[in-house]
Each structure stands twice: as C-alpha cells, then as structure tokens.
Amino acid sequence: MQNPQTSVTETLRHDWSETEVLDLFALPLNDLIFQAQSWYRQFFDPNAIQLSTLINIKTGGCPEDCAYCPQSGRYHTGLQAEPLMDLEVVKTAAIEAKQKGASRFCMGAAWRSPKDRELDQVIDMIAAVKSVGLETCATLGMLTANQARRLQAAGLDFYNHNLDSSETFYETIISTRAYQDRLDTLAAVRASGMSVCCGGIVGMGETPCDRAQMLITLANMPRHPESVPINLLVKVEGTPLQDEPELDPFAMVRMIAVTRIMMPASYVRLSAGRMEMNDECQALCFLAGANSVFYGERLLTTDNPEFCRDQSLFARLGLKPLQ
Ligand code: SAM
Ligand code: DTB
Ligand code: SF4
C-alpha cells in the first residue's frame, strides 16, 4: 500500500516517451512482472478483484464501421438488431448481477452517439441500477459536453469510451470517425466530473509501437482514466477482422503489465477475450496487475465465462471480489 506521506498525484507520471515504453514491452517477462507487481502493491490489495457486469441495452444496426465489431450494420454477422431494452429488463439484470457479486453494472449501446430522447431513457435506467446498490457505467458512443453533464447529474459513475489503438492504427480500423472525436468525448466526460473508463483492444494486427502509443496517450492525459479495459479481439465471423492470426498470449500479459506500470493507481481490466484464454493465462494476467474483469455469461454480443466458472477460478487463486 502507498506510503501516506507521498500523495498519489506526486507519484503518478504523465510524461512517458515511446522509447521508454517500448523498453518496458521488451523486458524479460519475469522482470516486467516484478516491476508491475511492485507498482501494483503500492496502490491495491493484490488479492482483490473488481467485478463489472455488462448488458447490451441496444443491440446491432450501428452505422459505424469499426472493423472488430459484430454490431456494425455494415457486416453480415447474423446478429439480429434490437431496439432499446425495457427498463424492467435492465433492472432485473442489475438485481441478478448484484446477487452474483458484481459491484458495477455497465450498459452498452450500439450507437454512434445517443440522441437526446434516447439519453432520457438511459437516465431512467441509471436511476434503476443505482437503486439496486450498484455503481453505474455506460458506453453509448460519442457525447457532447452537455450530454456528459446530463449523465453525470443523473448519477452515472463511469463512462466507457475506448481509444481502441494508436492514432495511426485507428485509421485502418474505423473510417466513420476520427481519433480526435474520441479524445473530445473523453475530455467532455472528464470535465463533467464522471470517472473515465478507457482502454483498447490487442490482437487486431497492431504492432508493439501501436500498443505503446495508445498507452502513452492514456497515461499522459492530465489524469489517468480510473479504469483501463484491455480487450483481446474477439474474432467474430462476418467482421473484417475475422481471420486475424492468434495473438501470443504473452503479448496480452505484457500489455497488462505495462498498463499497470504506467497507470499504477487505475483499475486495469482483463476485458473481452477470456473465453479464448485458459485459467493459467488469466492467472498470469492477474499476476501482471489486472484487478478487474467483466463478470457474467455475456459480454455485449459474445460469450464470457459463466458465473460459476469465474467463482471457482477466483477461489482457486484466492482472489476476493471487491464490493
Ligand atoms: N458504440 C459505442 C462505442 O463504440 O463507443 C459503445 C459500445 S462498443 C461495442 C464498446 C467497445 O467494445 C469498443 O470500443 C471496443 O473497444 C470493444 N469491442 C467491440 N467489439 C469487440 C471485439 N470483437 N473484441 C474486443 N473488443 C470489442
Ligand atoms: C470494453 O472495453 N469492452 C466491452 C465494454 N468495454 C463495452 C465490450 C466488449 C465487446 C466484445 C464483443 C461483443 O461481445 O460484442
Ligand atoms: Fe458501433 Fe460501437 Fe460497434 Fe463501433 S464499436 S460499430 S460504434 S457499436
């Protein structure tokens, strides 16, 4: 745990260079994990894990062309588009998530950006989820400053909006909006007073330089995102990235470790892709400093480990869910 004499803000860095970060990526794995653990233990109980349950409140039919995403209306993934979910269905799912031990409930919508009328409905959902006693998070696409303020006023605790990759690689993955749009939404979220949840995806064909640049953009922000999800690409048939080669599992472990070193006081989430990882790989990710997962049988449109499988993994590793 951190020495109370030193303030957290003094310890955290916002001046990372690409060479420094690439050197971290290139360390022998044992040295990298030792550094990550050393930072991790200054800020967190290393045996506690934060659990967020996801729900897809609006499925498919999205106008954007994100090459990884099964919810883009442009690809033929066999996904049936659905309208915005009823409030009662969301509340029932939140009650189940709470009973199963989640501390946060994250609502995702396949939108480029929400219309104000849609935001009204999400605001009702935020109140319902809060009444269950869960932290709230939403990921609804791009926001204006005013929309961010409205969500904050409604009690939304976190807003998730990922950078996904480096600025240069991003342009090869999404053509319907620019990296700067992402940064603008993140700035609006930060200015509103909500906590920021922002990370990316590995395994899309990016280089270690792209991974380093994405982490530098995050860590060199005036404040680190409170939550950093690291997703392993889920290769969905019908998306342009369906045939991407398998990523070396150790590349995921390294990405988690470097994220932990650069943003030591943030929650680092081992996010999408756990269905493709064995228990040993997940344990290595926790050793590298991941202290959060998506918990529940579905992510947005794809499978995630079942509740009981995760409960047994946490018990075998001695990990205690945070409340
Ligand atoms: N439509 C909103 C947006 O894009 O901002 C919110 C939902 S979107 C599905 C949220 C994030 O999920 C994406 O930014 C991406 O990081 C992640 N994601 C989507 N499809 C994925 C996949 N196949 N594998 C891994 N992560 C994925
Ligand atoms: C995040 O970083 N990962 C989540 C969440 N934020 C919204 C989404 C993962 C989606 C995986 C593919 C799917 O299930 O559609
Ligand atoms: Fe739409 Fe979000 Fe999927 Fe992109 S990631 S296609 S914006 S749902």
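View 1. An oxygen atom of ligand 2 lies 2.7 Å from an N or O atom in the side chain of T301. For T302, the distance from a side-chain N or O atom to an oxygen atom of ligand 2 is 2.8 Å. A nitrogen atom of ligand 2 is 3.3 Å from an N or O atom in the side chain of N160. Taken alone, ligand 2 exposes 410 Å², of which the protein buries 89% (Shrake-Rupley method, 1.4 Å probe).

**View 2. The shell around ligand 2.** The residues around this ligand (a heavy atom within 4 Å) are L54, P70, T139, N160, N162, P229, N231, F294, L299, L300, T301 and T302. By class, this shell has 6 nonpolar, 6 polar and no charged residues.

**View 3. The site of ligand 2.** Ligand 2 sits in the largest cavity. A cavity is a set of points, on a 1 Å grid over the protein atoms alone, where a 1.4 Å probe fits but cannot get out; a molecule sits in it if more than half of its atoms lie within 2 Å of its grid points.

**View 4. The shell around ligand 3.** Ligand 3 also sits in the largest cavity. C62, E64, C66, Y68, C69, S72, A110, W111 and R177 surround ligand 3. By class, the shell of ligand 3 has 6 nonpolar, 1 polar and 2 charged residues.

**Notes.** Residues are numbered from 1 along each chain as its sequence is written, and chains are lettered from A and ligands numbered from 1 in the order in which they are written. In this predicted model, local features need pLDDT of at least 70, side-chain atom pairs count only at pLDDT 80 or more, and totals for chains, interfaces and linings use all residues, while side-chain values use heavy atoms, with hydrogens and water left out.

Key
1 Å grid on protein atoms, 1.4 Å probe; cavity = no way out; pocket = protein on both sides within 12 Å on 5 of 7 lines; lining within 4 Å. Nonpolar A, V, L, I, M, F, W, Y, C, P; charged D, E, K, R; others polar. Polar contact = N/O pair within 3.5 Å; in protein donor to acceptor, adjacent residues only side chain to side chain.
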